[in-house]
Amino acid sequence: MKPEDGVPGPCWEGNGRSPEPFVTRRASGTMEDKRNIQIIEWEHLDKKKFYVLGVAMTMMIRVSVYPFTLIRTRLQVQKGKSLYQGTFDAFVKILRADGVTGLYRGFLVNTFTLISGQCYVTTYELTRKFVADYSQSNTVKSLVAGGSASLVAQSITVPIDVVSQHLMMQRKGEKTSRFQVRGGPEGQGVVAFGQTKDIIRQILRADGLRGFYRGYVASLLTYIPNSAVWWPFYHFYAEQLSHLCPKECPHIVLQAMSGPLAAATASVLTNPMDVIRTRVQVEGKTSIILTFRQLMAEEGPWGLMKGLSARIISATPSTIVIVVGYESLKKLSLRPELVDSRHW
């Protein structure tokens, strides 16, 4: 997610529209609009249940989308179409060369980003609560909270990303990364963490501690806008769909449709910076500007869209799972006394 790759890790909330005639009565006796998606705020949650269930949900999502994250990384780093012709071609070739395990190269290291995912959620919710004192606009609260959460999460995620991306780039008999694990990517005898330690040592030797934050600025320029842009589009799509769908349509269905649409839109808008970020981190570049110029000179404007299809493919199902899972997570984590007051 990490809030990685076009998919934020937030809560999924209402569109702020005014009430309509189609209403139901709460347990308290007040009228509730069935069309308004209910907002579950931070203070409404049982935090222990929220974090335990959240980690389990996030891990399941990462397992399902990681192969496409790996493919996207390789597509973005390769020169032109020297290795792969596209997402499907990369999938087939990696599967043939390395088997299923090849699609999960660097996964164990990447699981440490679960920490940043929980930090994202906590920062998002607390910032949203803080901004609510100054503005009741869902767009304002979500934009500020999403950007702030991404800043905190990326500060934790970038070192993990740097290591996992170099592991993703390991291919049998070929040098596709600045650093190569001893004995090749087969890693006989030093399978997972042996390779990780080898990459970490090489980064320290070549770049020092700063090497683990290579591409940090580029990551911020990618993910903060992505997280901030996602929210306004999410609310926009949710509102438009709520006008088009029957009033009896479950809230979760509207959210499940709005999430992927917002993710795809954000991916298109931020993919150019994501390509540059990946090259800076994997190829050891030191300048975002020079990396951009080199990319434009070698591949033209279309080079900025490399890996976009893999990014959208990975973002779409994961966003549906995140939307449904996170909304369900928050419902399950509601304090007992609030359960009957919510319409789903």
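1. The stretch is residues 9–33, where pLDDT stays under 50 and the model has 76 contacts beyond four places in sequence. Here pLDDT is the predictor's confidence in each residue, from 0 to 100, and contact means heavy atoms within 4.5 Å. Residues 184–191 also stay under 50, with 10 contacts beyond four places in sequence.

2. This is a predicted model, in which local features need pLDDT of at least 70 and side-chain atom pairs count only at pLDDT 80 or more, while totals for chains, interfaces and linings use all residues. Residues are numbered from 1 along each chain as its sequence is written, and side-chain values use heavy atoms, with hydrogens and water left out.

3. The protein has a mean pLDDT of 77, and 80% of its residues reach 70 or more. Among its elements, the lowest mean pLDDT, 39, belongs to strand β1 (residues 23–25), and the highest, 89, to helix α2 (residues 87–98). Helices (H or I, at least four residues) and strands (E, at least two) are DSSP runs, numbered from the N terminus.

4. Helix α1 (residues 47–77) and helix α8 (residues 251–283) have axes that come within 9 Å and cross at roughly 80°. Axes are lines fitted to C-alpha atoms, for helices over the stretch in contact, and angles run from 0 to 180 degrees between N-to-C directions. The two helices, α1 and α8, are therefore roughly perpendicular to each other (under 35 degrees counts as roughly parallel, over 145 as roughly antiparallel, 65 to 115 as roughly perpendicular and the rest as oblique). On the α1 side the contact is made by R72, T73, Q76 and V77; the residues of α8 include N271, D274 and R277.

5. T87 is found in helix α2. With a relative accessible area of 11%, T87 is buried (buried means under 20%, exposed over 50%, partly exposed in between, with a 1.4 Å probe and protein chains only). Beyond its neighbours within four places in sequence, T87 contacts F68, I71, L75, S309, A310 and I313. T87 and S309 are 222 residues apart along the chain, yet their C-alpha atoms are separated by 7.0 Å.

6. There are nine aromatic pairs (rings of Phe, Tyr and Trp, the last by its six-membered ring, with centres within 6.5 Å; planes under 30 degrees apart count as stacked, over 60 as edge-to-face and the rest as tilted). F50 and Y51 form an edge-to-face pair, 5.7 Å centre to centre with 70° between the planes. F50 is buried at 2% relative accessibility, whereas Y51 is partly exposed at 26%. Y66, Y104 and F107 form one aromatic cluster.
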